[in-house]
Amino acid sequence: MQKEIRQCQNCKKDFTIETDDFSFYEKMKVFTPSLCFECGMSRLTSLRNERIIYWNKCKKCENKTMSLYHPDSGYIVYCHACWWKDEWDGLSYGFDYDDSKSLIEQINNLQKNVPRESVIVLNSTNCNYGNNIRDSKDCYFCFLIAGSEHILYSMWMVNSKDCMEDHKVIDSELVIHSVDVANSYKSAYLHDSSDCSFCYFSYDLKGCNNCLLCSNLRNKSYCFKNKQLTKEEYQKEYEKFIDGSFETFNKTIEEYKNIQKKAIHRFSFTLKTTESIGNYLQNCNKSHWCFDGVNSQQVRNVASILYSKDSCFSYSVGTQPTENIFGGCVIKGGAVIKNSFNIFNSSYCSWCDSLVSCNNCIGCVGLKKKEYCILNKQYTKDDYNKIYKKIEEKGELSNFIEPLFSTFSYNETVAQDYYPLRKEEALQQKYKWQDDIPMTTGQETLKIKDLPDNIKDTNDDILDQILSCINCQRNYRIVPDEFSYLKDFNLPIPRECPQCRMSTRREMRLPFKLWHRSCMKEGCNNEFETSYAPERPEIVYCERCYQQEVY
Ligand SMILES: [Zn+2]
Ligand SMILES: [Zn+2]
Ligand SMILES: [Zn+2]
Ligand SMILES: [Zn+2]
């Protein structure tokens with residue numbers, strides 16, 4: 001087949017189906033997409049609530065539990081421990097496939113009745129508020145955390161320790177308020193940097209130490225605004241810009257924003273990646289429209305994908321190897337999975353939700369170690385194949401995931417972070433909406449204007465106070481560990497709530513979108529696909545020009 005331009009059925013923009021893709025869709029027995037990348041991705045991400053937490057009671061043991069589901073959602077929610085016990089069997093909720101009803105209608109029925117896992121916190125201790133945490137300890141208000149310890153208010157941390165207020169920080173210690181940082185130590189407000197220590201308010205540093213308000217530097221020490229200083233001169237500047245005062249902090253943040261604007265930005269962040277188009281890629285090959293990809297090959301229209309091969313239109317795939325995934329969201333290990341959510345170590349499954357070690361299942365919810373099941377009912381292999389054919393003939397297995405499949409409201413999910421919709425828009429597209437997202441206001445015991453300007457003048461009483469966010473009015477507290485980090489780094493008490501602070505960091509990352517642009521270096525005509533929108537202020541260079549300027 002020749003490459004084909006189509007119009008997205010949702011946003012009406014044109015999108016391209018590449019020649020290679022047709023054979024993939026054929027192999028997976030799915031219809032060629034009717035949605036563009038962004039509309040497809042917003043559907044997939046609408047399946048996952050990563051960070052909205054409610055308090056609920058486990059329906060089984062009746063203990064209080066954190067929950068991804070609103071208490072009035074109508075879902076049966078079990079705490080993590082109860083969900084994983086063998087005491088209940090998903091097959092007891094099964095029923096016969098009814099070909100007079102749509103498949104999705106029948107799946108929705110199961111989703112309402114089969115117990116759902118409250119939050120996903122695996123093999124971790126003292127992680128009191130968070131979701132998607134594994135092999136970690138002492139984390140508070142954290143989401144997407146692996147192998148980490150003593151982390152506060154952060155998202156997407158891997159193998160890190162004693163960190164706070166970060167977004168995607170890997171193999172680091174004592175790094176705070178940072179975004180996309182790896183292998184670093186004792187630093188704050190770092191962005192797109194690695195192998196640094198004692199660096200502050202800086203962008204794109206590698207192998208640096210003791211740098212302040214710098215950008216695009218390699219292996220430097222004692223630099224201030226990209227100027228080489230002596231240790232003593234540097235110390236003076238440091239004390240001017242980081243003195244614990246909120247007033248000073250605001251000025252430093254303004255300088256930091258200017259530094260980022262004036263820095264040279266590589267059109268795409270890739271490492272050891274070949275023949276690929278996308279952003280934030282590492283060890284990828286032949287991966288197109290791929291964002292946050294690691295060790296993946298021949299994947300297309302995907303985001304947050306690790307160790308995957310031949311996959312398309314999927315979000316959050318990994319860390320165990322996967323292959324031939326289409327329409328998957330949170331797929332951890334397995335092959336030939338279509339239109340499914342939260343699948344661990346399973347293969348040959350379509351339209352399934354929350355399966356563990358299952359094979360050959362259609363429309364199943366909350367099953368463990370089962371095979372040849374349809375709508376949670378056990379069949380022999382032959383009977384399974386007969387009913388499979390019947391459903392297949394109706395074409396329902398070939399469609400792309402639809403909004404009704406999600407057990408969350410649009411504004412509870414990752415979709416609202418990346419592809420925000422207003423309530424009316426979401427409802428019109430058949431998504432659910434939650435009006436009651438937990439948020440306390442009006443309980444403040446200390447007005448922000450009465451906070452001491454300097455952290456030095458702030459005493460332990462702050463820990464007993466309730467503050468009100470200057471941005472969204474949400475009430476929040478300062479927790480003891482947070483207070484000690486702030487004192488240690490000589491930074492003032494934040495005037496915004498943790499949720500607003502998290503959003504600010506998320507917005508510092510580039511969107512899962514691409515624009516065709518050309519290199520901004522004078523005299524260079526190279527063109528590329530970049531996640532920097534044309535109207536953005538950053539200076540964006542092609543790979544060659546960036547390497548010439550920065551290395
Ligand atoms: Zn679209
Ligand atoms: Zn329980
Ligand atoms: Zn706020
Ligand atoms: Zn160039």
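## Close-up views of a predicted model

**Figure 1. Contacts and overall dimensions of the predicted chain.** Among the contacts in the chain with a separation of 6 or more, 34% are accounted for by residues 24 or more positions apart. The structure shown is a predicted model, and its chain holds twelve helices and 36 strands. Because a compact globule with 551 residues would have a radius of gyration near 24 Å, the 25 Å of this chain agrees with that expectation. The C-alpha trace spans about 80 × 60 × 40 Å along its principal axes, and 46% of the 551 residues count as buried.

Figure 2. The domain assignment gives domain 1 (123-266), domain 2 (448-504) and domain 3 (515-550). Between the C-alpha centres of domain 2 and domain 3 there is a distance of 39 Å.

**Figure 3. The largest nonpolar core and a second, separate one.** The largest nonpolar core has 67 residues, of which Cys 142, Ile 145, Cys 163 and Cys 211 touch the most other members. At least three residues of this core come from domain 1 (123-266), and at least three come from domain 2 (448-504).

**Figure 4. The surroundings of Cys 211.** Cys 211, one of the residues that touch the most other members of the largest nonpolar core, is in contact with Cys 199, Ser 202, Leu 205, Leu 217, Lys 220 and Cys 223, when residues up to four places away in sequence are not counted. One of these contacts, Cys 223, is also the bridge partner of Cys 211 in strand E17.

**Figure 5. Strand E17 between its pairing partners E15 and E18.** Strand E15 (residues 209-212) and strand E17 (residues 221-224) run parallel and are joined by three bridges, with Cys 211 and Cys 223 as bridge partners. With strand E18 (residues 227-228), by contrast, E17 pairs in the antiparallel sense over two bridges, and here the bridge partner of Phe 224 is Lys 227.

Figure 6. Which residue in the turn of the E17 and E18 hairpin has a positive phi? The two strands form a hairpin with two residues between them, and Lys 225 in the turn has a positive phi of about 45 degrees.

Definitions and conventions:
Residues numbered from 1 in each chain as written. Chains lettered and ligands numbered in written order. Predicted model: local features only at pLDDT ≥ 70, side-chain atom pairs only at ≥ 80, totals over all residues. Core = buried A, V, L, I, M, F, W, Y, C linked by C-beta atoms within 7 Å. Buried ≥ 20, exposed ≤ 12 C-beta atoms within 10 Å, placed from the backbone. Domains from an automatic or database assignment. Contact = placed C-beta atoms within 7 Å. Pairing = 2+ DSSP bridges. Helix = DSSP H or I, 4+ residues; strand = E, 2+ residues; numbered from the N terminus. Rg over C-alpha atoms; globule rule 2.2 N^0.38 Å.
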